[in-house]
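User: Hello! I am new to this structure and would like to know how the descriptions of it are reached. Could you walk me through a few of them?

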Amino acid sequence: MTLAQRGRWITIGALMLLAGIYVRALRFTPVELTQGPAQKIFYLHVPAAWSAMLSMGLVGLASILFLIMKDARLDRFAAASAEVGTVFCCVMLTTGPLWARPIWGTWWTWDARLTLTLMLFFLFIGYQVLRGAVTDPRLRANYAAVVGICGLILLPFIHLSVYLFRTLHPMPIVLKPSAPSLPPEMLVTLLLSFGVFTLLYVGFVMQRYALGEGESDA
Amino acid sequence: MPEAVAGNGGYMIAAYIVTAVILIGYSVLLARRARKSTSRQEKHV
Amino acid sequence: MRELLRHAWLIARKDLQLEFRSRTALASAFVFTALVLVIFEHGRDPTAVPTIDLAPSILWVTFSFAAMLGLNRAFQAELENQALDGLLLSPISRTSLFWGKLGANLVFVALVQVVGVLLFILFFNVPVWRVWLPFLLVCALATVGFIAVGTLFSAMVVRTRFAELMLPVLLLPFLLPPLIAAVAITVQLFAGRPLSESGGWLRLLAGYDLVFVSLTTLLFPATVTE
């Protein structure tokens with residue numbers, strides 16, 4: 001089986017498991033008392049965040065390794081991971097406001113997590129726009145690696161700056177966000193969802209990487 | 001505020017639908033691009 | 001090390017001399033700064049929102065836009081005349097080249113900032129002179145960080161299509177930490193609070209500068225390698 005085919009099977013499997021998560025989260029996991037049903041968005045939003053961070057982390061890592069080893073496969077992997085990361089960012093940026101609105105009373109707030117997500121999204125977009133604008137493959141790979149590394153190093157700074165800002169300017173909230181200690185059924189659902197989203201990442205990246213092998217511009 | 005809490009299920013549905021659309025949509029997109037890529041390679045051969 | 005700095009200074013001086021002869025980028029940056037400040041001045045209602053609340057944000061927005069105006073020209077001239085290849089063949093090291101460019105960009109942005117602050121004091125009547133030294137420190141710290149990243153990115157972007165659009169898109173996430181910190185500290189300073197109260201922010205700025213000046217210096221050769 002080719003890489004693309006294997007990736008496709010993994011993706012299909014992951015999507016079926018995702019359906020299972022949906023059923024479990026919507027029917028069999030208890031509703032949270034203070035937040036109501038909207039809290040269940042949590043089971044999609046947080047794992048998507050994990051996948052997006054994983055994507056960025058691997059883009060950064062692959063970029064560093066590429067600059068050291070100059071292996072084109074690393075560049076191809078970084079390109080794949082960046083595209084997949086953008087998809088998970090989209091999930092975060094849509095589920096985030098849909099969760100924020102009923103809980104915090106506003107669609108958007110410049111808190112640490114949401115701002116970080118938005119900046120991550122811009123990083124992914126910028127990375128891919130740059131790739132698209134450079135025709136020479138070697139130059140493109142070098143440029144992409146530079147941006148990838150800078151982007152990765154930037155993330156902790158964004159988190160820190162927005163966190164510092166928010167602790168000095170606390171915002172009013174309508175309802176308190178998720179409780180720190182999760183009852184077991186909720187935790188299990190969350191962990192299962194993490195697994196499925198990771199599997200989705202793998203399947204997506206395999207397919208996207210295979211596409212990069214076929215075409216000359218990754 | 002039990003009414004507001006019970007009533008926010010609409011957001012949950014919306015979020016679950018949007019997520020499914022994005023993830024399934026991307027899977028379909030990848031499959032389409034793969035098919036286009038292989039048919040182009042076959043033409044060259 | 002001395003050789004490195006000397007070469008960097010040569011590059012910076014050449015760039016600045018070119019800039020002063022043509023003056024286009026500098027002029028447009030000044031005009032832009034004045035324009036933004038005038039618009040904000042006329043757009044606000046002084047009875048509704050006290051100037052002191054808006055002032056730091058306005059100032060820093062102006063600074064960042066003006067910086068971006070200047071950044072793109074960093075490698076433009078070189079590329080147009082293919083002088084970049086000549087520079088790369090010369091015995092000047094990549095690091096000197098980068099630091100020279102960085103230095104020239106910093107001087108350029110500093111000039112725009114000075115004019116901006118003067119206009120700012122004029123329009124907004126904010127008592128900057130009382131805290132001018134800490135304010136200067138903050139300006140310097142915040143600017144160095146994102147200009148370093150900007151210099152690196154403009155080196156890459158100048159060879160692409162849509163360079164003027166690409167640079168702000170790439171740079172945006174990198175502007176966030178230094179700008180947030182700078183605005184936060186400036187707010188404190190204008191409110192008369194001592195600089196020591198902004199310790200956390202200052203450490204963030206210093207850390208950001210240290211990390212990104214080192215990183216960009218390290219990565220620059222990868223952007224000009226064949």
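Analyst: Gladly! Please keep in mind that this is a predicted model.

User: What makes the span of helix 2 of chain A close to the expected one?

Analyst: Helix 2 of chain A covers residues 42-69, which is 28 residues. The expected span is 1.5 Å times one less than the number of residues, and for this helix that comes to 40 Å. From first C-alpha to last, helix 2 of chain A reaches 40 Å, so the span is close to the expected value.

User: How do you know which residues of chain B are in contact with chain A?

Analyst: The test is whether C-beta atoms, placed from the backbone, lie within 7 Å. By that test, 22 residues of chain B are in contact with 30 residues of chain A. Helix 1 (2-7) and helix 2 (9-44) of chain B each supply at least two residues of this side. Helix 2 of chain B gives the most, with 19 residues.

User: What classes make up that side of chain B?

Analyst: The side of chain B that touches chain A divides into 15 nonpolar, six polar and one charged.

User: And which elements of chain A give two or more residues to the side that touches chain C?

Analyst: Here 25 residues of chain A are in contact with 27 residues of chain C. The elements are helix 4 (112-133) and helix 5 (137-168) of chain A, and helix 5 gives the most, with 16 residues. By class, this side of chain A has 22 nonpolar, three polar and no charged residues.

Definitions and conventions. Residues numbered from 1 in each chain as written. Chains lettered and ligands numbered in written order. Predicted model: local features only at pLDDT ≥ 70, side-chain atom pairs only at ≥ 80, totals over all residues. Contact = placed C-beta atoms within 7 Å. Helix = DSSP H or I, 4+ residues; strand = E, 2+ residues; numbered from the N terminus. Nonpolar A, V, L, I, M, F, W, Y, C, P; charged D, E, K, R; others polar.
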